[in-house]
Amino acid sequence: MSYFAFLAEHGPTLLLGTVTTIKVLVCSAILYVIISMIFGLMRLSKNPAIQGIATIYIEFFRGTSLLVQLFWVYYVLPFFGLSLEAFVAGVVALGMNFGAYGAEIVRAGILAVPKGQWEAAHALNFSPTKRIKRIIIPQIFPIILPPAANLTVELLKATALVALVTVVDLTFEAKQINSITWLSAQCFGTALLIYYFMARFALVPFLRWLEVLAARKVGR
Amino acid sequence: MEMGFRWDFAYEILPQMLWATLNTIIAAGVGYAIALVVGLLFLLGQRTPSKIVNVINREIVEFIRSTPLLIQLFFVYFVLPQFGIKLSAWLCGMITIGLHFGTYLSEVYRGALEGVSKTQWEACRALNFSTIYTYRRIVLPQAFPIAIPGMGNYLVGIFKDTPLLSTIGVAELFHAATAVGGYNYRYLEPYTMVGIIFLTLSIPAAMWVRNLEKKVNVAQGKAKQ
């Protein structure tokens with residue numbers, strides 16, 4: 001079977017899987033950004049209880065393996081009466097895991113904002129919320145976007161794991177086709193290429209564009 | 001079925017889990033050793049004067065870095081036999097992890113070499129040291145401390161990615177937990193124990209790396225003691 005015949009027969013299935021992969025990526029990216037913002041700010045709180053919770057969360061999710069967390073969410077939570085659909089379980093596990101890594105990036109970003117900005121906001125009698133929301137947060141984006149871009153590429157790669165909890169994504173379809181046809185080189189090779197093209201020619205340019213946009217917003 | 005955490009069951013499967021942990025540690029160690037060497041090879045490809053070799057090397061590194069380890073595992077495990085190369089799941093896993101993280105380590109090495117000031121090279125040239133002598137006595141001793149934190153981080157990273165090996169049938173910790181869970185139809189205890197074992201191993205390791213990083217920064221004069 002030539003490669004083109006393989007593509008003609010199984011290409012559409014792989015593309016359907018790719019759509020699911022993109023859905024998983026977008027949902028978990030949104031979740032991880034929200035979580036990293038919340039826990040990044042909590043990590044800098046002066047209240048030891050809030051800071052402690054954030055530290056435990058971050059250390060826990062960074063200290064255990066993503067695959068273990070994913071299986072825990074999907075197979076163990078039902079023991080506690082919480083059954084999540086595979087897609088939801090995958091997104092939750094990815095979002096919570098990457099949120100822990102992202103929180104550290106946010107924390108470092110906030111610390112990198114010059115002290116003078118805090119002092120100026122203080123001097124102008126801005127309320128603490130307004131200080132964070134209007135002065136500090138807008139300035140952290142140019143700082144945190146480059147490391148966050150790396151993390152997001154890692155997230156795209158990590159979405160492959162959701163196939164192991166039966167989410168029908170690109171990896172799942174590739175495995176499925178492999179077990180039917182045994183054309184391993186073709187199906188896993190194609191899957192690798194699709195992931196590569198998604199990362200190199202869609203995700204990375206998009207994130208670079210965001211970086212440029214953020215830098216322009218703060219006048220750099 | 002009984003709800004809640006069953007301590008007696010956890011105690012019963014503990015020896016099995018600890019044995020499997022040993023396999024996980026071996027897998028991480030061997031994978032890391034391969035990755036260290038592969039990283040050096042990619043670094044060589046990057047630093048050879050030939051432009052073509054540089055470009056090919058960079059494209060290979062980019063490709064490996066932007067595709068999922070899981071599919072790379074499947075690729076190596078299922079495709080090599082088609083070409084008559086029959087390797088065990090263990091060997092496939094080690095090779096794939098070595099290749100995947102080797103690309104990351106080559107970046108660590110590169111960053112460390114670039115961290116050594118250019119003037120060091122110029123001084124060595126002025127003193128008429130040979131290139132090999134310069135590397136061995138001047139550049140590498142300065143580059144190595146810069147590389148240590150990155151190298152440590154990827155050791156922890158490899159350790160946390162070893163559960164992926166269970167998908168091709170390597171009998172490491174996660175594989176054992178899945179087997180035990182499937183046999184008894186109880187996943188709560190095995191998976192929770194895997195999580196705890198990972199935490200107890202990776203948090204001290206991560207702290208150790210952070211400590212090294214601090215020491216290196218102090219030695220480099222970047223931070224106060």
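What share of the 220 residues of chain A count as buried?

1. **Chain A in outline.** The answer is 40%. This is a predicted model, and every value here is computed from it. Chain A has 8 helices and 0 strands. Read from the N terminus, its elements run α-α-α-α-α-α-α-α. The C-alpha trace of chain A spans about 75 × 45 × 20 Å along its principal axes. Among contacts in chain A with a separation of 6 or more, 76% link residues 24 or more positions apart.

2. **Chain B in outline.** Chain B also comes to 8 helices and 0 strands. Its elements, from the N terminus on, run α-α-α-α-α-α-α-α. The radius of gyration of chain B is 22 Å, well over the 17 Å that the globule rule gives for 225 residues, so chain B is more spread out than a compact globule. The C-alpha trace of chain B spans about 75 × 55 × 25 Å along its principal axes. Buried residues make up 37% of the 225 residues in chain B. Residues 24 or more positions apart account for 77% of the chain B contacts with a separation of 6 or more.

3. **Where the chains meet.** The contact takes 31 residues from chain A and 29 residues from chain B. On the chain B side, the elements that give two or more residues are α2 (51–65), α3 (69–79) and α8 (188–219). The largest share of that side, 10 residues, comes from α8(B). By class, the chain B side divides into 20 nonpolar, 7 polar and 2 charged residues.

4. **A helix largely enclosed.** Look next at α3(B). Of its 11 residues, 10 are buried, so α3(B) is largely enclosed by the rest of the structure. The buried residues run through Leu69(B), Leu70(B), Ile71(B), Gln72(B), Leu73(B), Phe74(B), Phe75(B), Val76(B), Tyr77(B) and Phe78(B). What do they pack against? Both chains supply partners: α7 (170–181) and α8 of chain A, together with α4 (89–115) and α6 of chain B.

5. **Phe188(A) and the core.** Not counting residues up to four places away in sequence, Phe188(A) touches Ile71(B), Phe74(B), Phe75(B), Phe78(B) and Val79(B) in chain B, and Ala174(A) and Asn178(A) in chain A. The largest nonpolar core has 112 residues. The members that touch the most other members are Leu155(A), Leu161(A), Phe188(A), Ala191(A), Ile71(B), Ile158(B) and Val194(B). Helix α4 (residues 86–112) of chain A gives the most to this core, with 12 residues.

6. **A helix pair in chain A.** Two packed helices are described by the angle between their axes and the distance between the axes. For α6 (residues 128–158) and α8 (residues 184–217) of chain A, the angle is about 175° and the axes lie 8 Å apart. An angle over 145 degrees counts as roughly antiparallel. The helices α6(A) and α8(A) are therefore roughly antiparallel to each other. From α6(A), the contact includes Phe141(A), Leu145(A), Ala149(A) and Leu156(A). Three prolines of α6(A) also take part, namely Pro138(A), Pro142(A) and Pro146(A). From α8(A), Met198(A), Leu203(A), Leu207(A) and Leu210(A) are among the residues involved. By class, this contact has 16 nonpolar, 1 polar and 2 charged residues. Glu211(A) and Lys217(A) of α8(A) are part of it.

7. **Two loop residues with positive phi.** Asn125(A) has a positive phi of about 65° although it is not a glycine. Asn125(A) sits in the loop between α5 (115–123) and α6 of chain A. Is it buried or exposed? Asn125(A) is exposed, with 8 other C-beta atoms within 10 Å. In chain B, Tyr185(B) has a positive phi of about 50° and is not a glycine. Tyr185(B) lies in the loop between α7 and α8 of chain B. With 7 C-beta neighbours inside 10 Å, Tyr185(B) counts as exposed.

8. Ala171(B) lies in the loop between α6 (131–161) and α7 (173–184) of chain B. Ala171(B) has 17 C-beta neighbours inside 10 Å and counts as partly exposed. Leaving aside neighbours within four places in sequence, Ala171(B) is in contact with Ala20(B), Asn23(B) and Ala176(B). The C-alpha atoms of Ala171(B) and Leu22(B) are separated by 10 Å, while the two residues are 149 residues apart along the chain.

Note on methods. Residues are numbered from 1 along each chain as its sequence is written. Chains are lettered from A and ligands numbered from 1 in the order in which they are written. This is a predicted model: local features need pLDDT of at least 70, side-chain atom pairs count only at pLDDT 80 or more; totals for chains, interfaces and linings use all residues. Two residues are in contact if their C-beta atoms, placed from the backbone, lie within 7 Å. Helices (H or I, at least four residues) and strands (E, at least two) are DSSP runs, numbered from the N terminus. Ala, Val, Leu, Ile, Met, Phe, Trp, Tyr, Cys and Pro count as nonpolar, Asp, Glu, Lys and Arg as charged, and the others, Gly among them, as polar. The radius of gyration is taken over C-alpha atoms; the globule rule is 2.2 Å times the number of residues to the power 0.38. A residue is buried if 20 or more other C-beta atoms lie within 10 Å of its own, exposed if 12 or fewer, and partly exposed in between; C-beta atoms are placed from the backbone. Axes are lines fitted to C-alpha atoms, for helices over the stretch in contact, and angles run from 0 to 180 degrees between N-to-C directions. Angles under 35 degrees count as roughly parallel, over 145 as roughly antiparallel, 65 to 115 as roughly perpendicular and the rest as oblique. A nonpolar core is a set of buried Ala, Val, Leu, Ile, Met, Phe, Trp, Tyr and Cys residues joined through C-beta atoms within 7 Å.
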